[in-house]
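Open the model in your viewer and keep the selection panel at hand. The stops below go from one selection to the next.

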Amino acid sequence: MLRTLRPDPDILIIGGGGAGLCAALHAADRAPGLSIALVVKGLLGRAGCTRMVQGGYNAVLRAPDSLEAHFLDTLKGGAFLNDQELAWRLVATAPARLTELEDRYGCFFDRNAAGEIHQKPFAGQSHDRTVHRGDLTGIEIMNRLAEQAWARPAIRVLEEHRALDLLQDAEGRVGGALLLDIRTGAVTVARARATLLACGGGPTMYRVIACSADKAADGIALAYRAGAVLRDMEMVQFHPTGLVVPGSLMTGALLEEGLRGAGGRLFNAAGERYMARHDPARLERSTRDVVARASYLEIAEGRGSPEGGVWLDVSHLGAEFVERHFRGMVRRCRDFGLDLARRPVPVMPTAHFLMGGVAIDPDCRTSLEGLFAAGEDAGGVHGANRLGGNGVADSTVFGGIAGDVMADWVVGRPWPALSLADAERRAAAVRAPLGRASRDEAAPLRAALRDLMWEQAGLVRTAAGLEAARAALAALAPRLDALGVPGGPTYNLAWQGWLDGRNQALAARLVVRSALERRESRGAHYRADYPEPDDARWLVTVLVAERDGEMRVWTEPVRLTRARPASAPAAMVEIGD
Ligand SMILES: Cc1cc2nc3c(=O)[nH]c(=O)nc-3n(C[C@H](O)[C@H](O)[C@H](O)COP(=O)(O)OP(=O)(O)OC[C@H]3O[C@@H](n4cnc5c(N)ncnc54)[C@H](O)[C@@H]3O)c2cc1C
């Protein structure tokens, strides 16, 4: 029996991280008469990765930094695969959004001695640009944004609800989503004039992860099943410094980028500062892709620590400095008996962020009418590698833009006519595993998925490994689909795990298929069989979409609308807007 969300919201926002919350606030403030439904898989302000943001937020606030410098850093970090119009929109809007976070929503960021907002160095950046609140910046941002959302009656919050599938009319226009109330198991049709995907991507289909475990690449899977175009799905970011805690699920939890920015050093088990071999000029301040791959190779080639990691050492910065500036990181290490301020701690690369996602234009429109995407669900802003500090800027900048654009877009538009039979069919498929007997067990199958992705589609890839992953995924997906789940629909975490696994396996297929397509190495995508970047052939975007039940992959040249790779500032063709 399906329920219907009443009244129909004008705008349905799926996901309540930085992107979803900024979208809801902007839409509510731009057009106060609109009704907005904000759907969150967990609790508002608590779920997702924006709360986990540690290091901070990139925004150009004063000279000698400039928008042009931030833009070029973003393109260089992204190995020029970025959509330059999205990247420019990010850097040009970030300063105003940061001011808005303080002046309008009540966030407060750290100050320097002169009382100005303090900005710290982050890897891959030409200026000290990263605004922060200690080393736990996301908590400040999410607490304030959530308070603001609760205070606006136009925003109806549906906590512990997960979007299962997008709903479309006969012409393919997106008109809302099918929702599951995790607490009761009730399935609801939410019909809306505009729908935003802001589920925060999330490479949780890998063995070692830094991102919030409540994410399962749901937005990616929903968009793909609806026929939207996705891009750059081969680009998965591995952060170099995930904590190693033997035997604990905390392995992979992040130690923030600022530690390397402040001068942190990485050593292998032989005591060698190995970044001198991998990037002698930038050492540990190199971009994440380079440092993570270097650490991975040190470990894979037998120069790792007994725990299977390498060592991060910040003790030379002085215990007092480390304890003052990295209080959260010191506390996190102390929880596991490690003294970050005084001794090296074991770290390893950890799956962190999806650069790929739903293809959008600078107004967050997707290829499907009525569907918008923002934050980590969207691809193109970061190209082949995201700079630290550009993630939360992305989600708040584009979330706000999406809210404004949707508020204008819905005016005068009818609610699409949705097929109830289609919604019933989808709901039946979702309920199918409840009480069903199955040969396989969920935990080993999901572990097999994570191991497969880590080993064959992780930091170092080859055609043979990716082909093996493709075949293994083709065999795994039907077994995951056929799993049975014990118990009923009420707060059934095994059922939620089944739903997660289904979407993770689909996202894994998109990553593997796109990685096979790109026969070169660029940014986070490293092919041992094609170890060099190849601008002549591969300065192209890999796109993927479902067409007639098949996964179709094609490439399009990167549009170099503002800058060209081999020619830094002087060759900028156009800056400004
Ligand atoms: C440990 C860590 C540290 C980080 N530090 C930094 C940093 O210092 N600087 C920086 O710029 N970036 C950092 N990032 C990256 C940053 O967190 C992300 O780029 C950004 O927060 C993503 O925002 P978002 O709104 O797209 O997604 P999220 O904040 O992850 O929000 C996603 C939301 O979608 C919800 N959701 C998911 N699936 C569904 C579904 N099916 N139905 C309904 N709701 C759903 C989730 O519950 C959540 O509310 C860090 C990430 C991690 C993991």
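**Starting at the sheet**

Select arginine 3 and look across to strand 10, where threonine 188 stands opposite arginine 3. Bear in mind throughout that this is a predicted model. Now extend the selection to strand 1 and to residues 187-191, which are strand 10; the two strands pair in the parallel sense over 2 bridges.

**Helix 15 and the cores**

Then show Tyr57, Tyr206 and Met453, the residues with the most contacts inside the largest nonpolar core, which has 137 residues. Helix 15 gives the largest share of this core, 12 residues. Another core, of 23 residues, lies apart from it; to find this one, select Leu255, Leu266, Val291 and Leu338, which are among its members. In soluble globular proteins, nonpolar side chains tend to be buried together.

**Salt bridges**

How many salt bridges are there to look for? The count comes to 55.

Begin with arginine 562 and glutamate 85, whose side chains meet in a salt bridge at 3.0 Å, N to O. Arginine 562 is in the segment after strand 21 (550-557) and glutamate 85 is in helix 3 (residues 84-103), so this pair ties together parts that are 477 residues apart in sequence. Glutamate 85, with a relative accessible area of 26%, is partly exposed.

Move to arginine 303 and glutamate 301, which form a salt bridge at 2.7 Å, N to O. Arginine 303 is partly exposed at 24% relative accessibility, and glutamate 301 is partly exposed at 48%.

Then pick arginine 365 and aspartate 361, a salt bridge at 3.4 Å, N to O. Arginine 365 has 33% relative accessibility and counts as partly exposed; aspartate 361, at 28%, also counts as partly exposed.

For the last stop, select Asp165, Arg225, Asp422, Arg425 and Arg426 together: salt bridges with shared partners join these residues into one network.

Note on methods
Residues numbered from 1 in each chain as written. Predicted model: local features only at pLDDT ≥ 70, side-chain atom pairs only at ≥ 80, totals over all residues. Heavy atoms only, no water. Pairing = 2+ DSSP bridges. Helix = DSSP H or I, 4+ residues; strand = E, 2+ residues; numbered from the N terminus. Core = buried A, V, L, I, M, F, W, Y, C linked by side-chain atoms within 4.5 Å. Buried < 20%, exposed > 50% of the residue type's maximum accessible area, 1.4 Å probe, protein only. Salt bridge = Lys/Arg side-chain N within 4 Å of Asp/Glu carboxyl O.
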